[in-house]
Amino acid sequence: MIAVMRRRVDALGRPFRALLCSELLSWLALMVGAVAAPWWIAGHGGARDLAIYGFSAAALAVIVMPVLSPLGDRLAKRRLIMLGLVLYGLVALLLATLVSLDHYHLGWVLLAALLGALASGLLLPAVMTVAADLVESPQLPDALSLQRSAQSLGRVLGPALGGSLLAWSTGAALWLQAGLLFSAVLLARRLPHRAPPARQGRGMSAWRDDLRLGLRASWTMPLERGWTLVNFVGMLFMFPAFTMLVPLKIKVLGLSGAWLGAAETGLSLGMLVGALGGSAWVARLIGRYATRVGATAAQGLGLALAGWTGQGEVLVLALFLVGLANSCGVLVGQTHRLLAIPEHFRARLSSVGMMTMNIAAAAGPALAGLALLRLEVSTVYFLFGLLSAASALGYLFVPDFKTLLTLDHDQVKDWYAHRHPELFGPPPTPGLR
């Protein structure tokens, strides 16, 4: 198994190998921080400060992501990835220093949320699209699969590492997070300095034009608009079922905190199995379109099972299947969408998609909270799972969605620009800066 993985990675070249290592370390660090930072905030500021921190981080991400998106289509992705990781590292250093000095203040927490939002606005669009710059189009599905595998492995190991360090020292966990992030920066330096094609115009007017054109393309094109809206509806019910409803369900079942770790591990392991080859196998078996629609429906039904069951073992198994279905659906769509978007629009359109996901991530828990005022946890969990599954029906009504996913990788290249040249215009002149 290890030898097969090594051959797959080697076939994609040394720069992509550096990207995978950087991704693994960065996600490992971010998951350590996702355990340590809320623990520290809850211990000193209570539920109120933790809620303010979570809402502020989500709200800032909604604003920052589209505002910074034009940078991804003008600057080298290597530079943006390094800068984003450095900012995340500074957040970890800030929090680690405050913990070590035993100094807690909500203002510092909100500063950390702001820096984290800026870091994600720089890093995530670049990370989501950089694989297309490092490998040829036929290799992209395997590259994205390996990239998601590295992310999933970090998601599996990070909470376990962070939780074990919390038993010793919260500060130690945050200092380790900072060290991992700056190590990821050093690995990201090995990526090629490949600048996007040269663009005309600089300054605020050019930035406004880039932002306007990106938003216009995203919301004017029926396929992209429909795809984004269906994803938003699904995420609205899926996100709370992934996050806040899991610990509540475990408490209702009267299980120990160890089951929460098992549930999170089951979800991440499912994602990892899908990324390591499960997604490609299912797509070959039933086709990309059926995989995307079927995986989205299966993901929701798995969440409904998690809400319905009264057994911890079934809950963990259900979340494993949810993670597997999530990887299958996301990877099939991500590959074709990335190839279909013209290179000089990839960061902006990806940012719009992430912005809508951030809105759903903020609104979903609020919606679940309102439902919990009237219904039991298991009932809310079950209904949110069914509604998430029902969102898969939306794909049946998205124009050109099935056509896009049935194309091969050569045909889908820049497909958006061929169908809607008035939205994307001619490609910029190649050039380096």
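Rings of Phe, Tyr and Trp (its six-membered ring) are taken to pair if their centres lie within 6.5 Å, with planes under 30 degrees apart counted as stacked, over 60 as edge-to-face and the rest as tilted. The structure is a predicted model, in which local features need pLDDT of at least 70 and side-chain atom pairs count only at pLDDT 80 or more, while totals for chains, interfaces and linings use all residues. Residues are numbered from 1 along each chain as its sequence is written, and side-chain values use heavy atoms, with hydrogens and water left out.

By the ring rule, the count comes to 5 aromatic pairs. Phenylalanine 237 and phenylalanine 384 form an edge-to-face pair, with 5.3 Å from centre to centre and 85 degrees between the planes. This pair links distant parts of the chain, since phenylalanine 237 belongs to helix H9 (residues 222-242) and phenylalanine 384 to helix H15 (residues 377-390), 147 residues apart. Helices (H or I, at least four residues) and strands (E, at least two) are DSSP runs, numbered from the N terminus. Both phenylalanine 237 and phenylalanine 384 are buried, where buried means under 20% relative accessible area, exposed over 50%, and partly exposed in between (1.4 Å probe, protein chains only). The pair of tyrosine 395 and phenylalanine 401 is stacked, because the ring centres are 4.8 Å apart and the planes are at 15 degrees. Tyrosine 395 and phenylalanine 401 are buried as well. Ring pairs join Tyr395 and Phe401 with Trp227 and Tyr289 in a cluster.

On the scale of the whole chain, there are 19 helices and 0 strands. Along the principal axes, the C-alpha atoms fill a box of roughly 60 × 50 × 45 Å. Of the 433 residues, 52% are buried. The accessible surface comes to about 18800 Å², and carbon and sulfur atoms account for 68% of this area. Accessible areas come from the Shrake-Rupley method with a 1.4 Å probe; for residues, only the protein chains shown count as cover.

Contact means heavy atoms within 4.5 Å. Among contacts between residues at least 6 apart in sequence, 88% join residues at least 24 apart. For the charges, Lys and Arg count as positive and Asp and Glu as negative, while His and the chain ends are not counted. Each charge is placed at NZ of Lys, CZ of Arg, CG of Asp or CD of Glu. The mean positions of the 34 positive and 20 negative charges are 3 Å apart.

Individual positions within helices were then examined. Serine 120 is found in helix H4 (residues 106-129) and counts as buried, at 7% relative accessibility. Apart from neighbours within four places in sequence, serine 120 is in contact with Met65, Tyr88 and Pro125. Leucine 319, in helix H13 (residues 312-340), is buried at 2% relative accessibility. With neighbours within four places left aside, the contacts of leucine 319 are Val246, Ala263, Gly266, Leu267, Leu303, Ala306 and Tyr381.

Tryptophan 175 lies in helix H7 (residues 170-188) and is partly exposed, at 38% relative accessibility. Not counting residues up to four places away in sequence, tryptophan 175 touches Leu93, Ala96, Thr97 and Ser100. Tryptophan 175 and glycine 89, 86 residues apart in sequence, are 9.6 Å apart from C-alpha to C-alpha.

Aspartate 133, in helix H5 (residues 131-134), is buried with a relative accessible area of 17%. Its contacts, neighbours within four places in sequence excluded, are Lys77, Arg194, Glu343 and Arg346. Aspartate 102 is placed in the loop between helix H3 (77-100) and H4, and has a positive phi of about 55 degrees although it is not a glycine. Aspartate 102 is exposed, at a relative accessible area of 61%. Aspartate 414 also has a positive phi, near 60 degrees, and lies in the loop between helix H17 (409-412) and helix H18 (415-419). At 24% relative accessibility, aspartate 414 is partly exposed.
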